[in-house]
Amino acid sequence: MDFAELEAEEGLRWPWNAWPIPSSSASSKPSDLVVPPSVIHIPLSPSVDHPPPLPYDPLLCPQCLSSLNPYARVDYRSSLWSCPFCLSRNPFPRSYSGIADHNLPAELFPTHSTVEYLLRSHGGGGGGGFRGAYVFVVDECVEDEGVRVVVEEVRRGVAGAIVEEVLVGLVTFAGDVRVHEIGGRDGDGCSRVFVLPGDRDLSKEKIQNLLGISQHHRHTFGNSQSIQKQGFLLPLSECEFNFTTAFEEITSISQTVPGHRHQRATGTAIFTAVALLEACLPYPGGGGRIIVFTSGPATVGPGMIAEMDLSKPIRTHRDLSNGTAPFYNRSCNFYKHIAQRLSEASLVLDLFACSLDQVGAAELRVPVETSGGLMVLAESFESDQFRKCLRHIFETTMNFDATIEMVTTKEVKICGALGPCISLQKKNESVSAEEIGQGGTYSWRLGAITGKTCLAFIFQVQQHKDEPNIQHSPVFFLQFKTRYRRTDSPGTRLRVTTVARRWAPLRSPEIAAGFDQEAAAAVMARLAIDRAERAHARDVIRWIDKRLIRFASRFGDYIPSDPSSFRLASGFSLFPQFMYHLRRSQFIDVFNTSPDETAFFRLMLNREPVVGSLIMIQPTLFQYSFDGPPIPVLLDVSSIEPDVILLFDSYFYVVIHYGSSIAQWRKLGYDKDPNHENLRKLLEAPEIDAESLISERIPVPKLIKCDQHGSQARFLLAKLNPSITQNSSGMAVNGTNVIFTDDVSLQTFVEHLQALAVQP
């Protein structure tokens, strides 16, 4: 079964492509299959083929609210259709009067599991000339050169990539928060700056009153006279000069008291930007982005993560686990409140943190992730990583105000969703009592959504309590309804994806044949991250190990008490390897990483599709040599050889590793000698491939070039299987690399797994 091909057709990956038949005696809980019944869904997958948007509203079942789909049974003579979800029979409206087996509407075509509608009933939102809003929140404590780059890139973005109808605003902050009035009121042409105290916990009503704006006085977009009554959020076409002038006049407050950190009211600045958009957007749910540029930790006001005294360090993972981080819980609760407000107003929060120190990304993760925003951690604003990521925001069409609703067959209960979404707490009979991630609902909100936005939905299968002896249909159905708006076109769109899979007995070969071990690894990684937010890393590793032992015992072929007899079918054989690398990954093992870095890694995994998730869990390694084209090699220390080049991709950074002989030849300049053309081509090939990897990925990964035995080689060695360590017999034979670690190798890990799995 080609699971990647199925993903291209449906935008879905299923760890299990057949689910166990519901039992009347007990529920089929996630533990029955170890990897729970689940689906990884890319709502706006660009690879899914579907007809052009249909210019009418979908036909809904009055009972379960599912949309008409190819799995509905149609009685052409009686003009009725039978809903595959609730089995109710419904009449077609008059607009479908000409329906016949040779004249089907697009949503009934067997090849159209996905259709998209332009909703007439929601045509007002996003109409006219409105194209979204951008509020830039700039840290004035950034160094002079950093401020120059931020100003340069924002000016470039608004001048070339953002259409003139977009609304723009500017907020700057240090110890205080400054809201820039970029369009003078009453036509006086005078721009003002309103200063708010950064150390005060102000309500949104208080902030709006201080600025002279109110949510109750929102005006319809298109009436320029009414828009001028507030000068903080204006169309770019009307304020471009004032906006760019205000940006250019931002000055860096780079000096500080010796032994102290800068005063930064990051939380108050973000809170103010949210209040500004809530009051000034032309209509509720209009869609807007808050783009934050900062270079250090918040030290004053709500959301602070550190004190100004440099002798008091910023919290570490040990502080978080020991409960000795004095500001962490309070700041997290503050930003969770902001996340809820972002969701209600359909706003997106982007964080560009360019600093060698922590800035509070761990606390800010929830509002950035749930709103669908972008988080970028870089060393400086002058880096290519920052420039490329910011340009990506300006050059990408913004899809906003997105919600996802799900309809399921009655035996399938929804436990929750894992990914960049927030629960809307809407319940019906399809919602399970067991909550996982964003649970307790059949509907979720996403602030912004792209063609790569990916969510994992977890389910529970159980017999309907009122019908314990019912004869089941051989198939079950899921329907995803994604409603969203685009900034490049008016109106609201609804994309509907309806899919079917088969029921099968728990011990049936059909269940084993439909196991997608790549999708299963991605789901297990998200479940482990969800658990890691509430438990210690060692507890999460034990949880992974217990699950893996049960998995091997359940699906392995062996003689009890005989580890040497253990075998896994080819469709299961890679799963233990994925789990080995997951438990060693930066998502679970937080040693030598800061809370900010861990938050960034987990946020990225939670939104990435299966292929990207697998690269994060188990990086790829390619070998370049004189013997032929590049080939994939084992992620093992034995793959390092003196006369080869390795290209390592861990998603977050790309490493070009030169063997000791290659490095020596390069230093001697042999590649510049026309007689050594092959060496020049060998050196160029991984660089070209690395550049290709970097150019297509957001956030942009860091490129590292290193030589064998060099200090930078640690980025590669840390991810390799330590098959040769300081404890290995005959180590360092023939110059073989040695990894100094107490971690067990993959081979030892599998041997222990086999011994535990065959125990009776």
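## Exercises on cavities and a buried histidine

Helix α9 (328–345) and strand β19 (443–448) each supply at least two residues of the lining of the second largest cavity. The model used in these exercises is predicted.

**Exercise 1.** Describe the lining of the second largest cavity, residue by residue and by class.

*Solution.* Start with the space itself: the volume of the second largest cavity is about 40 Å³. Next, list its lining: A339, L342, S343, L347, T370, S371, I422, R445, L446 and G447. Finally, sort these residues by class, which gives five nonpolar, four polar and one charged.

**Exercise 2.** Now turn to the largest cavity: which helices each supply at least two residues of its lining, and how do the lining residues divide by class?

*Solution.* Then collect the residues around the largest cavity, namely H581, R584, S585, Q586, M616, I617, P619, A718 and K719. The helices asked for are α15 (575–584) and α17 (610–617). By class, the lining comes to four nonpolar, three polar and two charged residues.

**Exercise 3.** Is H657 buried or exposed, and which residues does H657 touch beyond four places away in sequence?

*Solution.* Begin by placing H657 in strand β28 (residues 653–658). Its relative accessible area is 2%, and buried means under 20%, so H657 is buried. Beyond its sequence neighbours, H657 touches I640, V644, I645, L646, C706, D707, Q708, A713 and L716. Take C706 from that list: C706 and H657 are 49 residues apart along the chain, yet their C-alpha atoms are separated by 5.1 Å.

Terms used
Residues are numbered from 1 along each chain as its sequence is written. This is a predicted model: local features need pLDDT of at least 70, side-chain atom pairs count only at pLDDT 80 or more; totals for chains, interfaces and linings use all residues. Side-chain values use heavy atoms; hydrogens and water are left out. Helices (H or I, at least four residues) and strands (E, at least two) are DSSP runs, numbered from the N terminus. Buried means under 20% relative accessible area, exposed over 50%, partly exposed in between (1.4 Å probe, protein chains only). Contact means heavy atoms within 4.5 Å. On a 1 Å grid over the protein atoms alone, a cavity is a set of points where a 1.4 Å probe fits but cannot get out, and a pocket is an open set with protein on both sides within 12 Å along at least five of seven lines; lining residues have an atom within 4 Å of a point. Ala, Val, Leu, Ile, Met, Phe, Trp, Tyr, Cys and Pro count as nonpolar, Asp, Glu, Lys and Arg as charged, and the others, Gly among them, as polar. Grid points are joined across faces, edges and corners, and a volume is the space filled by probe spheres set on the points.
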